Amino acid sequence: MDLGLTGKLALVTGASRGIGRAIATELAREGASVACVATSKERVQDTVDACRALGGAAEGFGCDVSDHAAVTAMAAEVQELMGPIDILVNNAGVTRDQLILRMKEEDWDAVLAVNLKGAFNTCKAFARTLMKRGGARIINIASVVGLTGNAGQANYAASKGGLLAFTKSLAKELSGRQVTVNAVAPGFIETDMTEGFQGEARDAMARAIPLGRFGAPEDVARVVALLAGTPGAYVTGQCLPVDGGMAL
Ligand code: NAP
């Protein structure tokens, strides 16, 4: 199925590895050009090379998404080098898990700064461009934990729950300019973020997932591509769990 992504320019944050890398390469496979963002340009070079090998134009950009001024500067650099973007995927995210009794103020601030303020920063930097494109897309990578909560992840869950509310608000704000804004909420996906779960703990977690396995980054990327492409044209303000049934 042609997703109608040929000729579109997508920007993906957190594109150096894991889910973000899979999203960048999936969009490239579908014909989009991709601006790949991670904390440094060097870290994202492998993804850029992978996108180019799939035939798409791709460039790497380094930027801490929690830094408002740095995001504004990165947006100007992207515009100058690649032109106006059509698709913004806010995927960069971090965890600093701890029970509330042990959670430090900096654990709270760091997670909220990247996962929630990071999305504000990029949306703010690109909103005007996206509103002018006609049929632009914003896709925020949230988490099932933002829907259900999770012991030991109060900071992370709050950032992702906030991201869902942010998604709905922007969907309402930008709908008049035909910009759709949606969230994808992954469950347990095999990436660096979940590599700490091994052995029996991991097996028990997999058994608790109705589909019986952790997801692959590509499971998430394919759904993001659908929302970014023509099948997503009439979907806005929604949160789509990609979690093997975990949040049921
Ligand atoms: P990951 O493998 O740990 O990769 C995180 C990505 O975010 C990296 O590209 C990293 O770039 C980037 N990043 C981190 N802090 C950044 C910052 N301040 N500025 C710019 N980029 C930054 O994570 P993942 O598992 O692929 O997760 C991707 C997204 O999915 C996150 O939002 C995460 O919360 C969400 N998610 C993941 C799971 C899961 O099970 N894996 C489940 C639900 C939701 P560098 O390489 O430069 O550090």
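Visitor: What makes up the lining of the largest pocket, by class?
Guide: The lining of the largest pocket has 20 nonpolar, 15 polar and six charged residues. Here Ala, Val, Leu, Ile, Met, Phe, Trp, Tyr, Cys and Pro count as nonpolar, Asp, Glu, Lys and Arg as charged, and the others, Gly among them, as polar. This is a predicted model, in which local features need pLDDT of at least 70, side-chain atom pairs count only at pLDDT 80 or more, and totals for chains, interfaces and linings use all residues. Residues are numbered from 1 along each chain as its sequence is written, and side-chain values use heavy atoms, with hydrogens and water left out.

Visitor: Which residues lie nearest the centre of the largest pocket?
Guide: Among its 41 lining residues, those are Asn91, Gly93, Val94, Thr95 and Met193. A pocket is an open set of points on a 1 Å grid over the protein atoms alone where a 1.4 Å probe fits, with protein on both sides within 12 Å along at least five of seven lines; lining residues have an atom within 4 Å of a point.

Visitor: Which residues line the second largest pocket?
Guide: Its lining includes Gly135, Arg137, Tyr234 and Thr236. By class, that lining divides into four nonpolar, five polar and one charged.

Visitor: Why is aspartate 107 called buried?
Guide: Buried means under 20% relative accessible area, with a 1.4 Å probe and protein chains only. Aspartate 107 has 12%, so it is buried.

Visitor: What does aspartate 107 touch, not counting residues up to four places away in sequence?
Guide: Aspartate 107 touches Arg96, Arg102 and Asn155, where contact means heavy atoms within 4.5 Å. Its side chain also makes a polar contact of 3.5 Å with that of arginine 96. Such a contact is a pair of N or O atoms within 3.5 Å, one able to donate a hydrogen and the other to accept it.

Visitor: How do you know what helix H8 should span?
Guide: The expected span is 1.5 Å times one less than the number of residues. For the twelve residues of H8 (217–228) that gives 16 Å, and the end C-alpha atoms are 16 Å apart, so the two agree. A helix is a DSSP run of H or I with at least four residues; a strand is a run of E with at least two.

Visitor: What makes H8 mostly covered?
Guide: Nine of its twelve residues are buried, including Pro217, Asp219 and Leu227. What covers them includes H1 and strand E4 (87–90).

Conventions. Buried means under 20% relative accessible area, exposed over 50%, partly exposed in between (1.4 Å probe, protein chains only).
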